[in-house]
There are 4 protein chains.
Amino acid sequence: MIKAGIIGASGYTGGELLRLLLNHPDVEPVLATSRSLAGKPVTETHRHLLDFLDLEYENPGMDEVRERCDVVFLAVPHKTAMNYVPELLDGKTKVIDLSADYRLEDGIFEKVYEVEHTDPGRHAVYGLPELHPEVSGESFIANPGCFPTGASLAAAPLAKAGLVELAVFDSKTGISGAGFKPGATSHYPNLAENVIAYKLTSHRHRAEIFQELNRLDANLNNINFTPQVVPSIRGILTTAHLFMKDRVSAEEVQDIFRDFYRGKPFVRLVEGVPSLTAVRGTNFCDIGFEVDPVTGRVVVISAIDNLVKGASGQAVQNMNLMLGLDETRGLWFAAAAP
Amino acid sequence: MIKAGIIGASGYTGGELLRLLLNHPDVEPVLATSRSLAGKPVTETHRHLLDFLDLEYENPGMDEVRERCDVVFLAVPHKTAMNYVPELLDGKTKVIDLSADYRLEDGIFEKVYEVEHTDPGRHAVYGLPELHPEVSGESFIANPGCFPTGASLAAAPLAKAGLVELAVFDSKTGISGAGFKPGATSHYPNLAENVIAYKLTSHRHRAEIFQELNRLDANLNNINFTPQVVPSIRGILTTAHLFMKDRVSAEEVQDIFRDFYRGKPFVRLVEGVPSLTAVRGTNFCDIGFEVDPVTGRVVVISAIDNLVKGASGQAVQNMNLMLGLDETRGLWFAAAAP
Amino acid sequence: MIKAGIIGASGYTGGELLRLLLNHPDVEPVLATSRSLAGKPVTETHRHLLDFLDLEYENPGMDEVRERCDVVFLAVPHKTAMNYVPELLDGKTKVIDLSADYRLEDGIFEKVYEVEHTDPGRHAVYGLPELHPEVSGESFIANPGCFPTGASLAAAPLAKAGLVELAVFDSKTGISGAGFKPGATSHYPNLAENVIAYKLTSHRHRAEIFQELNRLDANLNNINFTPQVVPSIRGILTTAHLFMKDRVSAEEVQDIFRDFYRGKPFVRLVEGVPSLTAVRGTNFCDIGFEVDPVTGRVVVISAIDNLVKGASGQAVQNMNLMLGLDETRGLWFAAAAP
Amino acid sequence: MIKAGIIGASGYTGGELLRLLLNHPDVEPVLATSRSLAGKPVTETHRHLLDFLDLEYENPGMDEVRERCDVVFLAVPHKTAMNYVPELLDGKTKVIDLSADYRLEDGIFEKVYEVEHTDPGRHAVYGLPELHPEVSGESFIANPGCFPTGASLAAAPLAKAGLVELAVFDSKTGISGAGFKPGATSHYPNLAENVIAYKLTSHRHRAEIFQELNRLDANLNNINFTPQVVPSIRGILTTAHLFMKDRVSAEEVQDIFRDFYRGKPFVRLVEGVPSLTAVRGTNFCDIGFEVDPVTGRVVVISAIDNLVKGASGQAVQNMNLMLGLDETRGLWFAAAAP
C-alpha cells in the first residue's frame, strides 16, 4: 500500500482527503497532522470517520513526514504551505499542495495575495488534469482553487478554439468552501433564505481563471468573475456567460466540447442543465450549455462539488496520475442522490 | 374605506395581496375570487390569515366585481387576465393586472408568449413606479414581472445615463415565484442543496427588461438574462454585470444612482452588498454596486422580495399612486430579520 | 407617544423589539444601548431597519435611562439583567426583562443557572399573559423563555383540568434562538440537512415549564423536555406528548382548549396540525391536537415564532397590558406566508 | 458476478439500490424495471448514474426476472409487492421486499394497511439484521420501514432487558422518504423554514415498532410514535423517550447497549449526541443516550439515513447475509461530511 500523509488534516478538505483515501484500494492514510489537535483521535473532529480510522493527530517535522509517507497532501491555509514545501520536495515524495501558494507566477501571487513569496522561483504543475496532462509523472502539483476548477472547465474548450471575446463567470457556491470555522457568512440565520454576494470584482480566484484561459487564448483578456454563496453545504454552479467573436451554432459548440473532453472521465457533458445533486460527493464536473439566439452569447453551466473536484477529489486524481495509476482509481463512484 | 377585490386570490400573490391590504389603513379586501374554491373560506387555503379575514371565495361576473370594488387586482395566470380586463375597465374602477398580458406591446407579447392577444391595442401603464411616475392617477396598470423589477431597477440609472454597452443579468430567485402548485423544481429533494438554472437564454422576462432599458437608452440592445432558482422561499438577488462604453468611477456611479432614486422611498442604496434578509416580506429594493478595477465592469446587486416588490407589494404601491395616496401607505414596515 | 428604551439592543431580540415598536402606533423607540457599539448607528447592525430609525447605540447610566424612557426592555444575557433591574425600578418606569433572571424563585434560579442571585427576593410577574392576566397594570415583568412559552401554552389547559399524569415536550427550534453570534451549532454546514439534539435531559427551560404547569396542577410532576435545533431560522414547534390519568375524548379536549383560550387573541386553535409558516414573524401561538386511540396519549402541537411570541412580541404584548393598552396593539398583523 | 434485479427501479430507493450495487464488488445490477418508463435509459431519471450504467428500464414477466437474476429487490409501493412475490419465490432466487407487504402478521397488516392481503400465510423474515440474525441464509426477506429501523434500534437493548415501561418515539425525517413525486409536503415553500408533523397518533409504522419491541418484551405495550418532516433531504433522527420501570444509571445503560450491539458493524455507539451528517449516504445507525436525573427517563437518539439504513442499504446488508457474504460487503464507506 502507498502511504499518504495529510498536513493540516482537521479541516473540511482534510476530512475529504481521508474519506477518499480510505476508499482507495492502493493507498492508505498513515499520517494526519494538526498543530492544535496533536494527540487527539482524528475521529474526534471527523466524527463521520468513526470505526474507519485509528489515527491520532500528530505534529512531526517535515523530514519525518517525508520518511513515513510516499505522498503528502498539504491542506493548510494559503501563505502557510510555502513554509513546508521546500523541505518536503526530495525528488521522491509526491507532494500535492491544496493551497494557492504555487498556483500562480510569483509576481502575480504576491500581488494577488498581498504577501511576499518565501519560496520564489519554484515550479509546480497546475493540477487541473483535464487541461494539464503533464500532471502524470510529476512530483509536485499545485491543486487548483474551487472556483477556477468550475470556471476554467466551463470555458476552456471555447477559449482554446479562440472564439471567446468576453467572459463573465457568475458562480454560486455552497458554504463549505469557507471552512469549518464558524463566521458571519456561515452563520445559519445569515445564509439561510439568502444569497450572499461577496468580493464582487476582486476575488483572488480570478487570477487563476485568467491564467488558465489566457494560456489557451492569449487574446482573451476580458475575464470577469463574481462569486456568491447560496444556502447549500456543497457544490459550485458556475454560470459562464461567454460572448463570442462571431456567432456559433449549438452544434459547433457541442462538437468543440466533445472533442475537448474526449477521454476525460470526470467531465460529463449532459443534456440540459447540470445539477449539483448529480455531482455531490463525487469528482465529476458536469457541463451543459445553451446558445443565446438573440445576442449570440453562449451560456455554459458547470457543476462540481467544491470539496471534491474543487479540492480533495482533484488532489486524489492528481495523486493517481503522479503515481502512474488510473486517474479514476478510488474515485469512480456515483453521487448519493437526492 | 376603499373596497378592493382580488381575481384569483388563492395563489401566493393573492395571499400577499390579502396580507398587505389587511394591513392597509384605507383599504379593505371585500372580494376574493376563485373558480375552483368558490364557497370555501379563504383561510382554508391561506391559513396564516386565520382570524383576520371572514371572506369566502366567490366566483361572480365581472360586472358584479366592478360594482362591489373600487380597485381590482388580477392575480390570474398569464393569458387569462386579458379575458377579464375589457369587462372591468369602466373608467371608474382601478385595475391592476399582475399577469404579463398588458406589459408588452401586442406584437412582442404574441411572439414572447406564443399566443394571440384577444384584447389588442389596449394601453396599460407599466407599473414600475420608480421608472414610471405616470402611474399616478391612472386607472389601468400592468404590474411588472418579478425578475424585470429587480433587473430594471439595478440597471436603469446607468442605462439612462447612456453608459451601458452590454448587460448581463444573472438572477437568483426563491422558489415561491413558481407558485403554490407542487412541481419538479419545487420538490424539496430537487431544490435543497442545489441551484437550478433554467431557460438559460430564453426566459420571457428578458423582453420586459429589454423594453424598460431600451426605452431609457435606445442604443442599449445587448441585454442578456439568465435565471436560477436557489434554495429559498422568497427573494430575488440580481447580479447585473454592466459593461460600460467608457470607464466610470465609483463616485460617478454613486452620484448617478443617488440622483436617479432621490425621493423614491422603496429603493434603498446600501453600503456594501444588499441582502435578501433585509427586504424579506417588504416592498424594498436594496441596491449596492462595485466597479471592477480590471475590466471596468460595474457590478450592481439588487435585492427584492419577489412576492412583494416583485408582485403584490408593487401592486399595492401602484394602487396607492392610482388612488392619490402616499405610495408608502400600508407598505411602510421593515423586514422581520433574520 | 410613549417612549421606549432597549438595554442590549444589538442582538436578535433587540432587533425584533425595534421592528415591533416601530410598527406600534402609540410607542416609539428612543433609546438603544450597547456597550461595545456605542456611537454607531443602530442600522449598521440591524440593516433591515435602514430608513426607519435614526438612533445610535448609547451606553447611558440607568438613571438616565429611567429619565428618558417610560418603558424599558432588558434584552441582555442571563445573569446580566439583575445588575440593571434594581436601579430601573422606580415605581414609574415599566420594566420588562427578557432574560431568565426573574422568572424563577430565587432558590430554583440559583440551582438551575448555577449562579448567585444578586437581587434576591424581588418579585416579578411571569409574563405569559394567557396564563397570567395579572400582568395588566404591573410595572415589572419577567418575560418567559421561548421553549416554555410554546410548551406551557400547549399543556396548560389539560394541566389545569387536572388530567395530565406525565408530559414529554419534544421541541424543535430554529437556530435564531441561539443569538446572532456565530458558533458551532449555527455553522451552516453543521445545521443544514441535520437535526441537532442538545441538553437531552438538562435544559434549563424545564424549570420554567415545571413552574407553570405544576402551579396549575400541584400533582403534575413528571415533566420531561428535550430540545432540538432544526434547519430553520425561526420558529418552535413543540410536540407535547401528554399522558392522561384517564382516557379523554377529542371532543372533551377540544372543549377544554376552547374554554381555556376564549378571549385570548394570540392563541389560535387550528384544525389539523399547526405550521411554523403561519406564525412566522407574528405573535401567534397556533395549537392543534390529536388523541391517540391506542394509548390514550394526547398529542398537542404548538407553533410559535421564537423571536416574537417566544421573546420580543410577547414583551410588547406585556408592555401593552402594563400600559393599559389593548394587548394586540401594534401586534395585530398576519404572517408573510409562505 | 451475482446478478441483481430491481422491480420498480425509478424511485429513490431504486436509485439508491443501483448506486450501492454499482459499488458492490460481487454483484452487478442487470435488470431495472419500470412499467411507465420501459425502453428509456435508467440514467434519464437517475441522472447521477450517468456513465455508470447502461441499462434501460424494462417490463418483463416474473419468470423472466427469476431467470435473469440471482437476487431481486422489490422497490414497489405497498400493496403492490404481494402481486409479484408468489411468482418470484422459487426457492433459488433471493427476494428482498422493501415494501410493507410482508413485514407484519396478516391480520395486523390488513388492519393497518386497510387492504386484503392477497398472499396470506407466507412467512418472511423481518430484515433488521441486528435484531434478526436469522436473515443469514434466508431466501425471502421483508425489509423494515425507515422509522421502525431507527426506533427499534434505539429501544431494543433496553426493551430486551425488560426495563421499559413506556416508550415515546418522536422522529424527525428528511422528506426523501416521501418519494420522488412532488406533493404538498415536499413543496419547498411548505417545508423550508418549517417542521411538518403528521399522523400524530396513527402512523402505520407504529405497528412495526410495536411488533419488534413487544417481541423482545411481551409486557411492553405502551408504545407511542409521532413523525415529523424537517427541512432536509435525507436522514431520520429518532428521539426515544424511554420511561423505565426502575431507575437505571448511565453506566448500566451503556453496558446494555455495548453488549447488545457487540459485533454489529453498522451500529455505532457514539459519545454525545448522534448527527445525521455523520451517517448521510451510509448504512450506519449512530446511537447516543442520556439518563434524565429528574424523572429517570432514558433519552436515546438514533440517527440513520432513511434511504440507506432505512431502506436500500439495509436491503443490500440483507442481501449480503442471504448470500453468505460479509454483511459490510459494498457498504463499508464513510459519509461525505459535511
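The dialogue below takes up a sheet, some backbone features and an interface.

Author: This is a predicted model, in which local features need pLDDT of at least 70 and side-chain atom pairs count only at pLDDT 80 or more, while totals for chains, interfaces and linings use all residues. Residues are numbered from 1 along each chain as its sequence is written, and chains are lettered from A and ligands numbered from 1 in the order in which they are written.

Reader: What is the order of the strands in the open sheet of chain A?

Author: In general, strands of a sheet pair through backbone hydrogen bonds, either parallel or antiparallel. Here strands (E, at least two residues) and helices (H or I, at least four) are DSSP runs, numbered from the N terminus, and two strands pair if DSSP finds at least two bridges between them. The 7 strands of this open sheet in chain A follow the order β8-β9-β7-β10-β13-β12-β11, and their pairing is mixed. At the edges stand β8 (196–197) and β11 (267–269) of chain A; each has a single partner strand, so one side of each is left without a neighbour in the sheet.

Reader: How many bridges join β11(A) to β12 of chain A?

Author: There are 3 bridges between β11(A) and β12 (residues 285–291) of chain A, and the two strands run parallel. Within this pair, Val267(A) is found opposite Cys285(A) in β12(A).

Reader: Is Glu114(A) buried or exposed?

Author: A residue is buried if 20 or more other C-beta atoms, placed from the backbone, lie within 10 Å of its own, exposed if 12 or fewer, and partly exposed in between. Glu114(A) counts as exposed because it has 9 C-beta neighbours inside 10 Å. Its phi is near 50 degrees, a positive value in a residue other than glycine, and Glu114(A) lies in the loop between α5 (106–113) and β5 (125–126) of chain A.

Reader: How many residues of chain B are in contact with chain C?

Author: Two residues are in contact if their C-beta atoms, placed from the backbone, lie within 7 Å. By this criterion, 26 residues of chain B touch 26 residues of chain C. Helix α1 (residues 12–22) of chain B gives the largest share of chain B's side, 4 residues.
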